[in-house]
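Please keep the sequence and the 3D view at hand while reading.

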Amino acid sequence: MIRVTDVSKTFTLHNQGGAVIPVMLGAKVSVEAGECVALTGASGAGKSTLMRLIYGNYLATSGQIRVGDLDVATAAPREILQLRRDTLGYVSQFLRVVPRVATLDVVAEPLLTLGVDVEQARDRAAGLLTQLNIPERLWSLSPTTFSGGEQQRVNIARGFVHDYPALLLDEPTASLDPQNREVVLSLIETAKRRGAAIVGIFHDVAARDRVCDHEVDVSGFAPKEAA
Ligand SMILES: Nc1ncnc2c1ncn2[C@@H]1O[C@H](COP(=O)(O)OP(=O)(O)OP(=O)(O)O)[C@@H](O)[C@H]1O
Ligand SMILES: [Mg+2]
């Protein structure tokens with residue numbers, strides 16, 4: 001479902017004298033339906049960068065990034081937006097939302113853009129918010145003032161509201177208490193059972209061992225030290 005082949009990434013810092021920074025060389029990851037693959041490696045190794053490459057936030061310098069039938073590395077922006085709508089979900093580390101939109105609608109939005117009717121989308125959003133222990137009195141408020149853990153749970157609800165065939169999870173259990181951590185791990189397990197292909201970053205080793213089938217150490221893709 002997700003196949004990264006021979007991907008390299010070089011950043012050019014135009015605002016710092018055009019410094020060229022190679023961060024990745026020959027990256028390779030393969031995820032089948034129903035599988036979870038963990039990206040590991042020290043801080044700064046390039047885990048989040050690889051995830052952003054797969055999501056199409058960063059443009060690969062070379063290589064192939066297949067998600068379903070699309071090569072994200074060469075796809076048109078319109079194709080990437082379509083992929084994000086129906087196929088590829090992403091739970092980033094931090095929630096980014098438009099101010100003043102109610103939490104219930106923030107979570108329901110991915111379904112609305114798919115054409116699901118409002119009642120059904122809100123029902124599904126409410127179900128996830130309940131599961132993730134976000135009190136109902138908060139649903140009508142914008143999540144901008146929520147606590148870190150609350151925002152993270154809203155982000156997770158939004159990422160699981162549609163049954164994406166492929167999912168990217170950047171530290172989904174990072175700031176959660178044990179009870180909510182458990183809810184998130186069972187959401188991941190359920191998604192795997194329905195056939196989702198998942199790439200995850202987990203500093204929580206117990207969580208990683210429980211839900212992930214393989215590990216890919218991205219420090220193996222570090223370019224040789226430039227002279
Ligand atoms: N937009 C960017 N421009 C320049 N360099 C970048 C950019 N994004 C990431 N990098 C560099 O790429 C390297 C990998 O960063 P990345 O965020 O992928 O690490 P990580 O493995 O996710 O680390 P952590 O565990 O701390 O989250 C770092 O050296 C970082 O400075
Ligand atoms: Mg990171």
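How many residues surround ligand 1, and which are the closest?

## Surroundings of ligand 1

In this predicted model, ligand 1 is surrounded by 13 residues, the closest of which are Ser 43, Gly 44, Lys 47, Ser 48 and Thr 49.

The side chain of Lys 47 places an N or O atom 2.7 Å from an oxygen atom of ligand 1, while a polar backbone atom of Gly 46 is 2.9 Å from an oxygen atom of the ligand. For Ala 45 the atom concerned is likewise a backbone N or O atom, and it lies 3.3 Å from an oxygen atom of ligand 1.

## Helices α3 and α4

Two packed helices are described by the angle between their axes together with the distance between those axes. For helix α3 (residues 103-113) and helix α4 (residues 118-131), the axes come within 8 Å and cross at roughly 125°, which makes α3 oblique to α4. The crossing of these two helices, α3 and α4, is right-handed.

On the α3 side the contact is made by Thr 103, Leu 104, Asp 105, Val 107, Ala 108, Leu 111 and Leu 112, and on the α4 side by Val 118, Ala 121, Arg 122, Arg 124, Ala 125, Ala 126 and Leu 129. Divided by class, the residues of this contact of α3 with α4 comprise 10 nonpolar, one polar and three charged.

## Helices α3 and α5

The axes of α3 and α5 come within 7 Å and cross at roughly 30°, and the two helices are therefore roughly parallel to each other. The crossing of α3 and α5 is right-handed. Helix α3 contributes Thr 103, Val 106, Val 107, Glu 109 and Pro 110 to the contact, whereas α5 contributes Val 154, Ala 157 and Arg 158. In terms of class, the contact of α3 with α5 has five nonpolar, one polar and two charged residues.

## Helices α5 and α6

Helix α5 (residues 148-160) also packs with helix α6 (residues 178-193), their axes coming within 12 Å and crossing at roughly 15°, so that α5 is roughly parallel to α6. The crossing of α5 and α6 is left-handed. From α5 the contact involves Arg 153, Ile 156 and Phe 160, and from α6 it involves Asn 180, Val 184, Leu 187, Ile 188 and Ala 191. The classes represented in the contact of α5 with α6 are six nonpolar, one polar and one charged residues.

## Gln 151 in helix α5

Which helix holds Gln 151? Gln 151 is found in helix α5, and when residues up to four places away in sequence are not counted, Gln 151 touches Leu 95, Pro 143, Thr 144, Thr 145 and Phe 146.

The side chain of Gln 151 also has polar atoms placed beside backbone oxygens of two of these residues. The backbone oxygen of Pro 143 lies 3.1 Å from a polar atom of the Gln 151 side chain, and the backbone oxygen of Phe 146 lies 3.2 Å from a polar atom of that side chain.

Terms used: Residues are numbered from 1 along each chain as its sequence is written. Chains are lettered from A and ligands numbered from 1 in the order in which they are written. This is a predicted model: local features need pLDDT of at least 70, side-chain atom pairs count only at pLDDT 80 or more; totals for chains, interfaces and linings use all residues. Side-chain values use heavy atoms; hydrogens and water are left out. Axes are lines fitted to C-alpha atoms, for helices over the stretch in contact, and angles run from 0 to 180 degrees between N-to-C directions. Helices (H or I, at least four residues) and strands (E, at least two) are DSSP runs, numbered from the N terminus. Angles under 35 degrees count as roughly parallel, over 145 as roughly antiparallel, 65 to 115 as roughly perpendicular and the rest as oblique. A crossing is left-handed if the near helix is turned anticlockwise from the far one by less than a right angle, and right-handed if clockwise. Contact means heavy atoms within 4.5 Å. Ala, Val, Leu, Ile, Met, Phe, Trp, Tyr, Cys and Pro count as nonpolar, Asp, Glu, Lys and Arg as charged, and the others, Gly among them, as polar. A residue is near a molecule or strand if one of its heavy atoms lies within 4 Å of it. A polar contact is a pair of N or O atoms within 3.5 Å; within protein, one must be able to donate a hydrogen and the other to accept it, and residues adjacent in sequence count only if both atoms are side-chain atoms.
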